[in-house]
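What follows is a walk through one protein structure, taken region by region. Please keep the sequence and the 3D view at hand while reading.

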Amino acid sequence: MPKNSKVVKRELDDEVIESVKDLLSNEDSSDDAFKKSELMVDDQEEKDVDVEEGSDVEDERPAWNSKLQYILAQVGFSVGLGNVWRFPYLCQKNGGGAYLVPYLILLLIIGIPLFFLELAVGQRIRRGSIGVWNYISPKLGGIGFASCVVCFFVALYYNVIIGWSLFYFSQSFQHPLPWDQCPLVKNTSHTFVEPECEKSSATTYYWYREALNISSSLSESGGLNWKMTICLLAAWVMVCLAMIKGIQSSGKIMYFSSLFPYVVLLCFLIRGLLLNGSVDGIRHMFTPKLEIMLEPKVWREAATQVFFALGLGFGGVIAFSSYNKRDNNCHFDAVLVSFINFFTSVLATLVVFAVLGFKANIINEKCVIQNSEKILKLLKIGNLSQDMIPHHINFSSITAEDYNLVYDIIQKVKEEEFDSLGLKSCQIEDELNKAVQGTGLAFIAFTEAMTHFPASPFWSVMFFLMLVNLGLGSMFGTIEGIITPIVDTFKVRKEILTVICCLVAFFIGLIFVQRSGNYFVTMFDDYSATLPLLIVVILENIAVTRIYGIDKFIEDLKDMLGFSPSQYYYYMWKYVSPLVLLCLLVASIVQMGLSPPGYSAWIEDTATEEFHSYPTWGMIVCISLMVLAILPVPIVFMVRRCNLIDDSSSSLASVSYKRGRIIKEPVNLEGDNTSLIHGKSPSEMPSPNFGKNIYRKQTGSPTLDTAPNGRYGIGYLMADMPDMPESDL
């Protein structure tokens, strides 16, 4: 018995020695204990599970019900009001059809690559913008916070535009439309047309006086416009109800809000092509002016439009893609959504200029009739000779071509005294060359054209309902860019956060529904997003390509997609896109410096717009908007750089994986060569550095320790190893 006992003891000692050797030597045999663990999401569950540190409660991350729902969400976010009232204006202003060439080139250089980059990091890390950039580089974690601030600023005034559309929508259920005719003013003696309306037009008067009741300057508040206040409240209630359950509620609304605008645009295009003069508008639109295409300004404006059309830097793209499965083909999504956005802009341009061609034709006909009457009067009083008029001209039914023939003859014969005759050249191109954009296009020019449509109330209802849906689609992505990062980071309830966010935004947004509110909308639109978003996207590019490493990122994409992305993206991300973005940033700063900061004020007495410079306090607000938007980046960098916050107490900058579950890991993340979003099995990764932390804490402690691997602390949780009595070793 003693002899046998010694043999058994020797065998046990040998096993213990071998085990200790394995642990100390870090041999690959130690990986056998982890082969059942994967960084990939569990294929059976097909979902990630967030586990709070020290808690047994598991919070499942929501997911899209279908790929179609996700695509519609991304399309709804990227396709917004700018596609309808900004792109056609830029196309007309910058060379017509020739403008499409620089736009397409820049879409391929900066649009699709950067859109693909945001989709990829959001889908792989499955967090909002704050979490994503903390994981990739804690020192650049301020990028996510900056995106949230910009989203909030944009949401403040963007929902005001939805409120304006709701007001016009509510006023469209009457015939004739209230902006069809100038109102009449009655006094004790007689009735006359409202002077402000008579000096401008019915639609212009209705917009500035009836809808906005606008003041004459930014400093003149004028109190709240209660009609617009109610519309703004309705807009925020709609957004809140749609977003309160996250993508579970907003995803279903996307089927209508994203598809309905296309139905309306197609209906308008078909109706517009049947109108007289629509072909003239489309021909004018797409007649290329190649000499303009070579101007640097055209390329700058095309790059800016590409940048903002896809919603880069807002965080909405990252938030939406974070609810995808990790093996989703986000490259296909990036190309598809980008080209849907482009063709939507072209479709909207066709619609706008078909309708504006019809409007220009009507105005041109009125011009011909008025000036023909002037010619008849001049013939009667003898200022013009009847011999000058060709015999086939009939002034009772004169065409535009005949009038222009008579006009040219009179101009040649009466060259010296022609100006005193007061005749005008009635050319349809002159009317089409009057460039309008933004609210001027939607609420004045397009609205005026619709008053000439048969069944004009129906078309007005459809148009403004389309604007509401376009706005809501973009608002969903903007609010998601605020809610998702905060929920992921601070683990607050989404419903409560959504309600609080909407309430705060509504009360701050009351500055936009004052009588001077339109001027504040212009201020926020010009200064709150342009420069901050450019800086954000440049830093995003640097974080992925320079700090995280472009080669590792390409490997991560290969693992996620199942194929290696084209080398085209490698060169775009590493060299071309950053250079183009830097040039765009410099050009935008120069343009901002050369353009005097100000706004167009509506002067009631003259019924015209007049440029006003911002007062001193207005300039302070403009500068503050830009500084506040980008301020989180240097603050977070300095906090991380100077270790002002102990990383061990923060959950923002670490992540561990256990069988497809992401758990918080309080470790220092700085300096690691291990891929954060690289989904390899443990046997393919470097073996963990074993030490005293590889075991579960002994009884009485619910917290699990991990074995950090590299700078970013990607550890393999040792929770599956049973507790072993000390005597066993």
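Lys494 is found in helix α22, which covers residues 494–508. The model is a predicted one. Is Lys494 buried or exposed? With a relative accessible area of 15%, Lys494 counts as buried, because the cut-off for buried is under 20%. Leaving out residues up to four places away in sequence, Lys494 touches Ile244, Lys245, Gly246, Tyr323, Glu480, Ile483, Thr484 and Val487.

The largest nonpolar core has 181 residues, and Trp133, Trp236 and Phe268 have the most contacts inside it. Helix α7, residues 142–171, supplies the largest share of this core, 17 residues. Trp236 is in contact with Ala155, Asn159, Met475, Ile479, Cys502, Ala505 and Phe506, when its neighbours within four places in sequence are set aside. Another core, of 19 residues, lies apart from the largest one, and includes Met388, Ile389, Ile398 and Ile410.

Helix α23 (residues 517–527) and helix α26 (residues 616–630) have axes that come within 9 Å and cross at roughly 40°. This angle makes α23 oblique to α26. The crossing of α23 past α26 is right-handed. Which residues make the contact? From α23 they are Phe520, Met523, Phe524 and Tyr527, and from α26 they are Trp617, Gly618, Val621, Cys622, Leu625 and Met626. Sorted by class, the contact of α23 with α26 has nine nonpolar residues, one polar residue and no charged residues.

Technical notes
Residues are numbered from 1 along each chain as its sequence is written. This is a predicted model: local features need pLDDT of at least 70, side-chain atom pairs count only at pLDDT 80 or more; totals for chains, interfaces and linings use all residues. Side-chain values use heavy atoms; hydrogens and water are left out. Axes are lines fitted to C-alpha atoms, for helices over the stretch in contact, and angles run from 0 to 180 degrees between N-to-C directions. Helices (H or I, at least four residues) and strands (E, at least two) are DSSP runs, numbered from the N terminus. Angles under 35 degrees count as roughly parallel, over 145 as roughly antiparallel, 65 to 115 as roughly perpendicular and the rest as oblique. A crossing is left-handed if the near helix is turned anticlockwise from the far one by less than a right angle, and right-handed if clockwise. Contact means heavy atoms within 4.5 Å. Ala, Val, Leu, Ile, Met, Phe, Trp, Tyr, Cys and Pro count as nonpolar, Asp, Glu, Lys and Arg as charged, and the others, Gly among them, as polar. A nonpolar core is a set of buried Ala, Val, Leu, Ile, Met, Phe, Trp, Tyr and Cys residues joined through side-chain atoms within 4.5 Å. Buried means under 20% relative accessible area, exposed over 50%, partly exposed in between (1.4 Å probe, protein chains only).
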